[in-house]
Amino acid sequence: MEKNRTALYPGSFDPVTNGHLDVIERAAQLFDRLIVGVGQNDSKRPIFTNGERLAHLTEACAEWENVEVRAFSGLLTDAVKEFDAEAVIRGLRAVSDFEWEFQMALMNRQLSPTCETLFLMPKVEYSFVSSTMIREIARFGGDISLFVPPRVAKELMSRMQELA
Ligand code: PNS
């Protein structure tokens, strides 16, 4: 019997962007099963709670039948084992992403020799979109609706108003 190939796409997703969704769609076409792993790291002081980020991704990924959204905490290499994944997916937007991603991929391989990282490039129109930039634009009242799902845009704008 053929093995089901599973990949894990981990991230903070604070918030999920259309660039993340583009990577998810690509990875879901390459693997039988894709787990989107929402990192639970409260020391990063996210704008959205763990539960909110899980809900945003679950709603945004509902159209893809082989995509599951799951929380993970602790080491990524442990999550890879827990989810029985064969590969870690990361998005590469520009050369500037590469240095950190390369370091992380090699460290993960050092921690777990079978942990392979695959890089996927989102559409070029998302190559400049990052969660950090989205949070910053929202903080100053700019229009983020082109870059995130509608529910995220609405909730982020009201979260920023609460924090102002
Ligand atoms: O969206 P992000 O912030 O780039 O995602 C980073 C994430 C969650 C993938 C990374 O911080 C991570 O893997 N955290 C788990 C802890 C861990 O394994 N750290 C060592 C990686 S070298």
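Me: Which ligand atom does a polar side-chain atom of Arg90 lie 2.8 Å from?

Reply: A polar contact is a pair of N or O atoms within 3.5 Å; within protein, one must be able to donate a hydrogen and the other to accept it, and residues adjacent in sequence count only if both atoms are side-chain atoms. Here, the Arg90 side chain places a polar atom 2.8 Å from an oxygen atom of the ligand. Ser12 also uses a polar side-chain atom, at 2.6 Å from a ligand oxygen. Leu76 uses a backbone N or O atom, 2.8 Å from an oxygen atom of the ligand.

Me: What kind of model is this, and how are residues numbered?

Reply: This is a predicted model, numbered from 1 along each chain as its sequence is written, where local features need pLDDT of at least 70 and side-chain atom pairs pLDDT 80 or more, while totals for chains, interfaces and linings use all residues. Side-chain values use heavy atoms, with hydrogens and water left out.

Me: Which residues surround the ligand?

Reply: A residue is near a molecule if one of its heavy atoms lies within 4 Å of it. The shell includes Pro10, Gly11, Ser12, Lys44, Phe72 and Arg90. Gly74, Leu75, Leu76, Met104, Met107 and Asn108 also belong to it.

Me: Which element gives the most to that shell?

Reply: Helices (H or I, at least four residues) and strands (E, at least two) are DSSP runs, numbered from the N terminus. Helix H4 leads, with three residues. Strand E1 (6–11) and helix H4 (95–111) are the elements that give two or more.

Me: How many helices and strands does the chain have?

Reply: There are six helices and five strands. Along the sequence, the pattern reads β-α-β-α-β-α-β-α-β-α-α.

Me: Why does a radius of gyration of 16 Å agree with a compact globule?

Reply: The radius is taken over C-alpha atoms, and the globule rule is 2.2 Å times the number of residues to the power 0.38. For 164 residues, a compact globule would be near 15 Å, so the 16 Å of this chain agrees. The C-alpha trace spans about 50 × 35 × 30 Å along its principal axes.
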